[in-house]
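Hi,

Here is the structure we talked about, ready for you to open. Have a look at it first, and then read on for what turned up.

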Amino acid sequence: TTALIVVTWVGAITAVFAALIAIAQNDIKRILAYSTVSQLGYMMAGLGMGGVAVGMFHLITHAFFKSLLFLGAGSVIHGAHDEQDIRHMGGLWKPMRSTFIVYAIGTLALCGFPLFFSGFWSKDGILEAAHGWSLSKGPFDLLVFGAFLTAFYMMRQVSYVFFGEWRGHGHAHESPRVMTAPMALLAFFAMALGVIGTPAWTWFRGFLS
């Protein structure tokens with residue numbers, strides 16, 4: 001229908017436009033916020049081209065790995081003495097190893113790293129629907145470009161925050177277990193949830209449909 005065509009194009013354009021904005025941000029939470037807008041574009045495009053199950057699957061997996069990333073950002077801000085500018089961080093993988101591990105898992109899930117992360121399966125379902133969309137290949141090209149942008153701005157963020165030398169004030173420290181334990185739980189689901197949408201286990205997509 002015309003409505004679904006509009007939803008598809010708006011979703012695909014939003015996925016790229018918000019990702020481009022995320023690239024230009026230096027606030028650790030702003031990058032994740034614009035990333036969320038971009039992923040909402042993926043969900044809408046998935047709804048328009050592949051139906052409810054495709055869009056909802058990405059909504060569910062995204063809920064876990066993006067909440068993990070936001071909690072991870074909060075942990076970083078706490079450990080970096082309320083600093084939010086990634087340009088004033090660096091080298092945090094050493095003093096904040098637990099936060100780094102779970103943040104890396106969330107990042108790989110968001111980027112759609114193959115096989116072992118839920119974001120790969122949910123985003124791949126959207127790209128599959130876009131590739132098979134008979135009306136135009138434009139949304140597929142936009143969404144693939146958006147996927148590369150996602151990997152770029154997240155690797156940029158991780159590089160600024162966790163690698164290199166510490167550029168902030170004072171000494172960074174790991175967050176307490178009351179903060180890291182929930183992130184570990186979310187990290188587990190950011191990886192394990194992908195199984196519910198794989199071709200080997202189709203009951204979940206059938207249930208949503």
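**The pocket**

Helix α6 gives the largest share of the lining of the largest pocket, with five residues. Please keep in mind throughout that this is a predicted model.

How much space does the largest pocket hold? Its volume comes to about 230 Å³. Thirteen residues line the largest pocket, and those closest to its centre are Cys-111, Gly-112, Lys-123, Ala-147 and Phe-148. Besides α6, the helices α4 and α5 (118–131) each supply at least two residues of that lining. Sorted by class, the lining has ten nonpolar residues, one polar residue and two charged ones.

**The cores**

The largest nonpolar core has 35 residues. Within this core, the members that touch the most others are Ile-28, Leu-92, Tyr-103, Met-154, Val-161 and Phe-162. Which helices build it? At least two residues each come from α1 (2–23), α2 (28–50), α3 (52–79), α4 (97–111), α6 (138–162) and α7 (177–192). The largest share is that of α4, which puts in seven residues.

There is also another core, lying apart from the largest one.

Setting aside neighbours within four places in sequence, Leu-92 is in contact with Val-76, Arg-97, Val-161, Phe-162, Trp-166 and Ala-172. Two of these partners, Val-161 and Phe-162, are themselves among the core members that touch the most others.

**Two residues on α4**

Thr-107 is found in helix α4, and it counts as buried because its relative accessibility, 1%, is under the 20% limit. Not counting residues up to four places away in sequence, Thr-107 touches Leu-69, Met-154, Met-155 and Val-158.

Leu-110 is found in helix α4 too. Is Leu-110 buried or exposed? At 0% relative accessibility, Leu-110 counts as buried. With neighbours within four places in sequence left aside, the contacts of Leu-110 are Ser-35, Gln-39, Phe-65, Lys-66, Leu-69, Lys-123, Thr-150 and Met-154. One of these contacts, Lys-66, is 44 residues away from Leu-110 along the chain, yet their C-alpha atoms are separated by 7.4 Å. Another, Lys-123, belongs to the residues closest to the centre of the largest pocket.

**The loop between α3 and α4**

Two residues in this loop have backbone angles to look at. His-81 lies in the loop between α3 and α4, and its phi is near 60 degrees, a positive value in a residue other than glycine. Asp-82 lies in that loop as well, with a phi near 65 degrees, again positive in a residue other than glycine. Asp-82 is exposed, because its relative accessible area of 63% is over 50%.

**The salt bridge**

How many salt bridges does the structure hold? It holds one. The partners are Asp-85 and Arg-87, whose closest N and O atoms are 2.7 Å apart. Asp-85 is buried, with a relative accessible area of 15%, whereas Arg-87 counts as partly exposed at 42% relative accessibility.

Leu-47 lies in helix α2 and is partly exposed, with a relative accessible area of 28%. Not counting residues up to four places away in sequence, Leu-47 touches Leu-4, Val-52 and Gly-55. From Leu-47 to Ala-129 there are 82 residues in sequence, and the distance in space is 9.4 Å, C-alpha to C-alpha.

Leu-20 sits in helix α1. Its relative accessible area of 42% makes Leu-20 partly exposed. Leu-20 and Val-54 are 34 residues apart in sequence and 24 Å apart in space, C-alpha to C-alpha.

Best wishes

Technical notes
Residues numbered from 1 in each chain as written. Predicted model: local features only at pLDDT ≥ 70, side-chain atom pairs only at ≥ 80, totals over all residues. Heavy atoms only, no water. Core = buried A, V, L, I, M, F, W, Y, C linked by side-chain atoms within 4.5 Å. Buried < 20%, exposed > 50% of the residue type's maximum accessible area, 1.4 Å probe, protein only. Helix = DSSP H or I, 4+ residues; strand = E, 2+ residues; numbered from the N terminus. Contact = heavy atoms within 4.5 Å. 1 Å grid on protein atoms, 1.4 Å probe; cavity = no way out; pocket = protein on both sides within 12 Å on 5 of 7 lines; lining within 4 Å. Points joined across faces, edges and corners; volume = space filled by probe spheres on them. Nonpolar A, V, L, I, M, F, W, Y, C, P; charged D, E, K, R; others polar. Salt bridge = Lys/Arg side-chain N within 4 Å of Asp/Glu carboxyl O.
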